[in-house]
Amino acid sequence: IVGSGVLIGLLLGIGGMYLLHRLDDRLDQPEKIEAALEEPVMGQLPEVDKKHFKEGYLLLNRMKSHTMFAESLRGVRSALLLSPEGSSKRLLAVTSAVPGDGKTTFTTNFAITLANAGNKTLLIDADLRRGNIHGYFEQPVEGGLAEVLQGRMTMKEAIRETGIANLSFMRAGERPHNPSELLLSPQT
């Protein structure tokens with residue numbers, strides 16, 4: 001009885017694993033992503049262990065230039081700029097459906113790579129709910145996109161220097177109570 005119970009349990013476990021594998025529809029390989037989206041993958045970034053960056057935010061200008069993370073970002077920059085459409089692209093939006101994916105870290109560091117390549121770059125934090133780009137450059141949150149949309153500040157007043165050549169940024173600004181309505185206001 002014990003032997004047959006172990007055998008049945010083993011078969012049920014293997015069958016359950018097979019079923020879960022067949023039901024898993026995640027896109028986890030670049031080739032599958034390219035095929036599903038019919039768009040090229042510009043590059044991949046390695047996962048970075050945050051415990052190695054005790055000084056706060058992960059910024060390229062605070063790390064060694066030959067790290068895998070820095071090289072991967074430069075690879076994405078080159079792939080984008082050297083693509084057939086790359087010379088005509090002037091606006092890039094970075095988005096994700098899930099919080100915590102690293103959008104802010106990628107965007108901030110990608111902007112640094114563009115600026116380091118000699119491109120005049122303006123980084124705008126349009127996350128009016130949880131915008132955090134100001135933290136990367138040790139700036140206060142006030143005086144940014146929210147104030148521009150409310151008409152309390154001009155674009156020129158909201159743009160700040162970062163201390164990195166060719167890179168300016170506009171922080172999200174004060175957290176409005178109604179960010180979606182603010183984006184639909186007549187000023188936009």
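Trainee: How many of the 22 residues of H1 are buried?

Mentor: The model is a predicted one. Buried means under 20% relative accessible area. H1 is hardly covered, and the count of buried residues in this helix is zero.

Trainee: How far apart are the end C-alpha atoms of helix H1?

Mentor: Helix H1 takes in residues 2-23, which is 22 residues. At 1.5 Å a residue, the helix should span 32 Å. The distance in the model agrees with that, because the end C-alpha atoms are apart by 31 Å.

Trainee: Is serine 65 buried or exposed?

Mentor: Serine 65 lies in the loop that runs between helix H2 (30-37) and helix H3 (68-81). Its relative accessible area is 52%. The cut-off for exposed is over 50%, so serine 65 counts as exposed.

Trainee: Which residues is serine 65 in contact with, leaving aside neighbours within four places in sequence?

Mentor: Contact requires heavy atoms within 4.5 Å. With those neighbours left aside, the contacts of serine 65 are Ala70, Glu71 and Arg74.

Trainee: How are H3 and H4 placed to each other, roughly perpendicular or roughly parallel?

Mentor: The axes of H3 and helix H4 (residues 103-116) are 10 Å apart, and the angle is about 70°. Angles of 65 to 115 degrees fall in one class, and H3 and H4 are therefore roughly perpendicular.

Trainee: What is the handedness of the crossing of H3 and H4?

Mentor: Residues of H3, including Phe69 and Leu73, meet residues of H4, among them Phe106 and Phe110. By class, this contact has eight nonpolar, three polar and two charged residues. The crossing of H3 and H4 is right-handed.

Key:
Residues are numbered from 1 along each chain as its sequence is written. This is a predicted model: local features need pLDDT of at least 70, side-chain atom pairs count only at pLDDT 80 or more; totals for chains, interfaces and linings use all residues. Side-chain values use heavy atoms; hydrogens and water are left out. Helices (H or I, at least four residues) and strands (E, at least two) are DSSP runs, numbered from the N terminus. The expected span of a helix is 1.5 Å times one less than its number of residues. Buried means under 20% relative accessible area, exposed over 50%, partly exposed in between (1.4 Å probe, protein chains only). Axes are lines fitted to C-alpha atoms, for helices over the stretch in contact, and angles run from 0 to 180 degrees between N-to-C directions. Angles under 35 degrees count as roughly parallel, over 145 as roughly antiparallel, 65 to 115 as roughly perpendicular and the rest as oblique. A crossing is left-handed if the near helix is turned anticlockwise from the far one by less than a right angle, and right-handed if clockwise. Ala, Val, Leu, Ile, Met, Phe, Trp, Tyr, Cys and Pro count as nonpolar, Asp, Glu, Lys and Arg as charged, and the others, Gly among them, as polar.
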